[in-house]
Amino acid sequence: MKATVYRSTGSWYTAKAQDGTLWQCRIKGRLKIDEEITSTNPVAVGDEVMLEPEPESGEQPTAQITDICPRNNYMVRSSPHHRLQKHIVAANLDQVMLVATLREPRTSAGFIDRFLVTAAAYHIPAVIVFNKSDLHRRKEEEQAAEWQALYSSIGYPVLFTSAETGKGIAALQEILVNKSTLISGHSGVGKSTLINLLLPDLRLKTQSVSGWSGKGLHTTTFAEMFDLPGGGKLIDTPGIREFGIVDMEKAELSHYFVEMQPYLVHCQFNNCLHLNEPGCAVKRAVEEGKISVERYASYLKVLDSLSEPEW
Ligand code: GDP
Ligand code: ZN
């Protein structure tokens, strides 16, 4: 029987079968896992799995996960326990959505750009939502217009929402419909408020979970998937501050600043890092205003944070 994983707490998984039944599952023995990635969690939210029902099921049916279907894609972060190991946050995504704010708190361009790099590295389309637009004053309006122009010009949809006034919520629903979307954002941007608006039944649920004495609090760093009322799925990532740019080489980085891609073949050196090399087409494009100075500055910062390859 095929099912989709909606929730994981480390050793137990909740999976939904095609008939809508929820199964509590465990992994049976050793699974044959995609050798391409070594992660600290063998099964992730969004995975399609094969279940074998256990004979003695109580109130909630239990099953064993016997197989994982190949993933279309996945998003990772460094493992909470081992910095150099990967933890698969979610699999089989249609898009990732960053919730950011211009005020209270102010999201930095660097944070947005690192998110976009990670999404590009894992080949997942990204969308940017600026929430709390009701708080914008003149200064924020100017910044909003700049960022909207910049990010949409390089292919990222940009939305402005207010969970307070309801502005932009219909557009947000539209961009989510019939897709599987991982939603992320640093604390305080209104992600939970937006999710509660999108999932009217959830509020009850979050209350009941937190009413459960906080014993399970550490499990909140695991992603959880919800069905959207209008079709589609939303994956929340509570407690995950940022997705890691895990083991990326310096020379790879410019491929994930999507607007740099068309220039890369024109650099004089094919291992150009676009710093001070002669004949660098990326730097020329920055000077000619074809690539934003702000994005190039982000590129330099991320580049600096990546370690040198070990020879
Ligand atoms: P999270 O940490 O991203 O999940 O943020 P919360 O959903 O807990 O929201 C943080 C605070 O921002 C709460 O006090 C919310 O009421 C408030 N908030 C959320 N969305 C908006 C918004 O669109 N406008 C304003 N003014 N406040 C908001
Ligand atoms: Zn170059």
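With which side chain does the side chain of H274 make a polar contact? The partner is the side chain of S254, at 3.1 Å; a polar contact is a pair of N or O atoms within 3.5 Å, one able to donate a hydrogen and the other to accept it, and residues adjacent in sequence count only if both atoms are side-chain atoms.

The model is predicted, with local features requiring pLDDT of at least 70 and side-chain atom pairs pLDDT 80 or more, whereas totals for chains, interfaces and linings use all residues. Residues are numbered from 1 along each chain as its sequence is written, chains are lettered from A and ligands numbered from 1 in the order written, and side-chain values use heavy atoms, without hydrogens and water.

**View 1. Zinc site (ligand 2).** C267 (SG), C272 (SG), H274 (ND1) and C280 (SG) are the protein donors, 2.1 to 2.4 Å from the zinc ion; donors are N, O and S atoms within 2.8 Å of the metal (3.2 Å for Na, K and Ca), and sites may look incomplete without water. Along the chain the donors follow the spacing C-x4-C-x1-H-x5-C. The site is tetrahedral, with angles of 103 to 117° among the four donor atoms (four donors, all angles between 85 and 135 degrees).

**View 2. Surroundings of H274.** H274 lies in the loop between α6 (261–264) and α7 (281–287); helices are DSSP runs (H or I) of at least four residues. H274 is buried, at 2% relative accessibility (buried: under 20% relative accessible area, 1.4 Å probe, protein chains only). Not counting residues up to four places away in sequence, H274 touches residues including L264, V282 and Y296 (contact: heavy atoms within 4.5 Å).

Definitions and conventions. Tetrahedral: all angles 85-135°; square planar, octahedral: opposite > 155°, others 65-115°. Helix = DSSP H or I, 4+ residues; strand = E, 2+ residues; numbered from the N terminus. Buried < 20%, exposed > 50% of the residue type's maximum accessible area, 1.4 Å probe, protein only.
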